[in-house]
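Biologist: Please take one part of this model and go through it closely. I would like a single connected account, with the numbers kept in.

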Amino acid sequence: MLGRGMLKGLWVTLQHTISSFTSGPRRFPKRYLDGPVPRPEPSTQGMLTLQYPFEKYEMWPRFRGVLVHLRDPETGQSRCTACMACVRACPHGVLTVTGEGKGRERRAKTYTYELGRCIFCRLCVESCRFDAIEMGQEYEFVSTTQDQTLNLEEMLALGDRSGIKHTGEAWGQVE
Amino acid sequence: MGFLDALPLTVMDWLRGLLGQGLPAWGVELVVGLIKVVLILVVAILPVIVLTWLERKVLARGQDRFGPNLAGPYGLVVAFADAIKILTKEDIIPQAADRQVFRFAPALVLIPTLLVFTVVPMGRGMIAADLNVGILFAVAIGSLAVIAIIAATWSSGNKYSLLSMFRSVAQLVSYELPMAFSVLTVVLVSGGLSTVRIVEAQVIPFALVMPIAAVTYFLASLAEANRSPFDLLLGESEIVAGHNLEYSGMRFAMFYIGEYAHIFVIGALTTTLFLGGYQGPILPGYMWFLIKTMAVVYVVLWIRCTWPRMRIDQLLDFSWKLLVPLNLANLMLVALVFKLAGTGLLGSLLSLVVNVGLLVAVGTFLVRRARSSTSRRTRALVLGEV
Amino acid sequence: MAFISEPRSLDTETVTINLGPHHPSTHGIFRLLATLDGETVVDVQPKMGYLHRGIEKIMEQRTYIQSIPLVDRLDYVCPLTNEHAFCHAVEKLAGLQVPERAEYIRVIMAELTRIMSHMLAVGFLWNELGATFTPMIYAYRQREFIFDIFEMATGARMFTNYMRPGGVAVDLPEGWMDLAVKVTDNLERFFDEFETLTAENEIFLARTIDIGVLPADLAINCSLSGPVLRASGVPYDVRVAEPYSVYDRFQWEVPTRPHGDTYDRYLQYLAEMRQSLSIVRQAMAALPDGPVMDEKARRLRPPKGEAYARIESPKGDLGFFIVSEGGAEPYRCRVRSTAQINLTALRQMVIGHTLQDLVVIFGSLNCTVADIDR
């Protein structure tokens with residue numbers, strides 16, 4: 001109405017400009033380098049920008065990061081039995097598994113995970129009946145080729161780092 | 001004039017005296033003139049460096065972002081990083097381009113903008129050339145930019161650029177008129193075309209004496225500089241940066257510098273004409289000039305942060321149907337007021353009253369016409385009905 | 001000498017320009033072949049297919065559950081409603097019963113997705129009008145909070161892979177409700193602020209009122225759906241016309257606008273966001289306890305047959321047609337993509353407007369190019 005609406009718009013952007021200096025968890029140019037940053041409370045104004053390579057959010061427990069293997073505390077090995085359920089469940093054929101042994105003794109010999117093609121859908125974990133794999137919290141795995149792979153040992157190490165004990169801990173699926 | 005206020009002049013005089021010992025009079029003037037040219041270039045280019053940074057920061061803060069903050073403290077070095085990037089890029093000339101014109105146009109864009117600085121008084125006595133037709137010079141040189149843009153767009157041999165040219169010519173030509181009218185009002189009151197004289201005449205800043213002319217001048221110069229909401233020439237979402245679409249590397253940088261120098265020109269000229277130029281208490285004159293200019297520049301950026309772009313026909317309507325008649329009426333009324341009441345305090349007060357009265361009258365007229373209008377757009381714009 | 005007395009017109013010709021495949025206003029790889037007379041659009045031809053990924057064909061080689069991550073990527077602005085539509089079709093095919101709690105969770109997620117999609121629609125509309133990103137970034141800011149609660153529940157921000165035929169993958173985590181309440185309360189404030197910023201801006205009014213008018217009969221003839229249709233005054237919403245899930249249990253209205261121009265579509269988006277928020281709040285208040293998955297759905301092998309199911313996605317009527325031969329994979333899957341069909345009215349809407357309006361009208365239709373090409 002005769003320019004009032006335009007002035008109202010200017011008022012809103014001015015409010016945002018001012019509040020970007022006065023409110024919000026990260027209004028100061030200082031970077032929080034020590035440890036992950038908590039998520040901001042929902043708000044309409046104020047500075048929230050996460051300065052990513054320097055600061056990182058705490059991921060939610062359910063965050064679907066890189067697939068990891070969980071270590072059986074008794075044997076110190078992966079619980080994977082090479083049953084191929086995850087291989088069948090994967091929509092993109094990211095996993096390649098070979099096993100050795102028969103019956104209850106069957107264990108995974110190799111477990112190859114093609115990181116560059118994974119879409120992090122967690123269908124493999126949902127299909128796992130042996131508490132062997134879970135999606136970890138790591139997400140900084142840049143590969144320059146499509147076929148960068150992780151093997152069983154690396155995935156076990158990642159599992160140790162993630163601190164996950166059982167599949168589906170965060171998902172409320174552990175009986 | 002305090003010590004600080006006169007400091008640049010003192011330095012200049014000392015330099016003159018120093019040179020006068022070894023050089024003939026014309027030699028002194030030559031060297032001093034050259035120094036002034038260099039100073040003008042610095043004054044014109046330095047703000048570009050600051051403004052590229054400032055624009056990003058202002059936009060970012062308005063959008064709850066940081067803006068550049070990694071290149072140097074507070075991202076201040078970002079302009080230099082940009083410059084290095086842009087200078088090392090390949091200079092591409094399209095096959096369909098008119099090569100000579102294509103090469104020449106970017107320089108033509110920059111020159112008028114730089115020339116305007118010669119007549120801007122940046123402090124008490126700090127002016128490169130106090131022409132007696134100073135403001136006429138500024139307006140005339142400013143409108144040269146349209147030729148540069150025609151040259152750039154036509155020679156690019158690109159359809160988007162062609163569309164951009166149609167728009168820019170229509171836009172720049174139609175906004176010359178309201179701009180000239182508003183400048184004319186100022187000239188009328190101050191009684192001279194010299195920029196120094198205009199500044200000295202502003203005991204009360206002209207923005208308070210004749211707000212209509214001030215706002216019109218500001219909007220028209222936004223259109224001249226192709227700034228939002230009149231940035232049809234660039235139109236990123238439709239014609240993909242229009243006139244500089246085919247340019248790359250150093251030639252693109254010329255457009256870039258020209259654009260930002262133009263923002264500073266808007267600020268400088270608006271300050272000179274309407275905000276009392278270098279006049280102000282306590283602080284030295286050049287500081288006041290800088291503060292006022294930067295305030296205007298901030299408004300330019302703030303507007304860019306908030307408003308969408310106008311459409312070309314509405315843009316022309318706005319100029320021809322609203323700004324031109326309004327300023328014509330304003331010019332006559334203000335002339336009458338100052339003839340009757342003199343240019344003193346009484347005249348200024350009356351002029352303000354007349355300005356407000358004119359705005360109210362136009363508003364009432366628009367509302368009345370909109371009430372009887374059946375056009376949904378008119379009703380929404382004027383009455384706020386949707 | 002007849003030719004002298006005749007008024008001579010200037011010699012003009014039309015210009016054909018390519019808007020795209022890479023153009024800032026198409027948000028994806030999409031090409032509009034526009035014929036212009038000066039600035040006026042004489043003709044426009046959408047050329048699609050640059051973003052064709054063959055999702056329908058790939059789905060024939062994937063099990064039903066493996067298709068869900070793919071369906072997410074159909075219209076990546078509103079992944080959860082895509083999942084909802086797909087799962088709905090599979091449930092119809094396999095005769096699954098979705099538990100009550102799962103239905104409520106689905107409604108909450110779908111409506112949050114709708115708010116998210118509409119926010120972006122309005123934000124990008126402003127971008128195409130030439131605003132320097134500000135409304136879009138405000139919308140993005142709120143979308144991040146919605147993404148937060150999506151990530152908390154499903155483990156991913158965008159490609160959630162959350163709904164399954166027969167329910168949802170997992171129950172909501174502890175503390176989710178508290179965060180969701182905060183987010184929805186904040187959304188309310190955001191809508192008010194956004195309206196202050198945009199709704200009354202004179203340049204915006206002048207640019208959008210009476211621009212790209214879509215008459216109701218044209219909209220119906222072109223089989224348009226969603227907010228675009230309702231902004232033309234047709235109160236048709238699949239959630240009401242063919243109630244699915246638990247939408248019949250909530251108190252809400254189907255907002256409509258009478259004129260069908262770009263401004264009405266903008267107001268329609270705003271009004272629908274508020275309605276969706278009201279549904280989310282009601283669903284959160286009434287969320288029942290219980291299982292979230294039909295036990296029969298664990299080994300999914302639908303019987304031979306075919307099923308078509310549709311839902312109201314943020315863009316409109318989104319349908320999945322699935323033919324099963326009794327195996328673990330569908331024999332054929334076909335998507336009734338909203339964006340593609342909403343695009344059919346574009347030509348009639350833009351002819352006679354300027355190039356600047358063409359971009360704005362295309363933006364107000366809110367077509368995701370990925371959804372057009374699939």
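Modeller: Helix H12 of chain B covers residues 249-274, 26 residues in total, and reaches 37 Å from its first C-alpha to its last. That is close to the 38 Å expected at 1.5 Å a residue. The model is predicted, and the values here are computed from it. H12(B) is mostly covered, with 21 of its 26 residues buried. Just after H12(B) comes B:Gly276, whose phi is positive, at about 85°.

Chain B also has an interface with chain C. In it, 31 residues of chain B are in contact with 45 residues of chain C. The two chains bury about 3,200 Å² between them, and carbon and sulfur atoms account for 57% of it. On the chain C side, C:Thr132, C:Ile203 and C:Gln356 supply 19% of the area buried against chain B, more than any other three residues.

Six salt bridges are found across the interface of chain C and chain B. A salt bridge joins the side chains of B:Arg311 and C:Asp357, at 3.0 Å from N to O. Between chain C and chain B, 20 residue pairs are in polar contact, both residues being at pLDDT 80 or more. Several elements of chain C each supply at least two residues to the side that touches chain B, among them strand E1 (15-19), helix H5 (100-129) and helix H15 (355-365). H8(C) gives the most to that side, with six residues. By class, the side of chain C that touches chain B has 21 nonpolar, 14 polar and 10 charged residues.

How values were computed. Residues are numbered from 1 along each chain as its sequence is written. Chains are lettered from A and ligands numbered from 1 in the order in which they are written. This is a predicted model: local features need pLDDT of at least 70, side-chain atom pairs count only at pLDDT 80 or more; totals for chains, interfaces and linings use all residues. Side-chain values use heavy atoms; hydrogens and water are left out. Contact means heavy atoms within 4.5 Å. Buried area is the accessible area (1.4 Å probe) that two parts lose on being put together, summed over both. A salt bridge is a side-chain nitrogen of Lys or Arg within 4 Å of a carboxyl oxygen of Asp or Glu. A polar contact is a pair of N or O atoms within 3.5 Å; within protein, one must be able to donate a hydrogen and the other to accept it, and residues adjacent in sequence count only if both atoms are side-chain atoms. Helices (H or I, at least four residues) and strands (E, at least two) are DSSP runs, numbered from the N terminus. Ala, Val, Leu, Ile, Met, Phe, Trp, Tyr, Cys and Pro count as nonpolar, Asp, Glu, Lys and Arg as charged, and the others, Gly among them, as polar. The expected span of a helix is 1.5 Å times one less than its number of residues. Buried means under 20% relative accessible area, exposed over 50%, partly exposed in between (1.4 Å probe, protein chains only).
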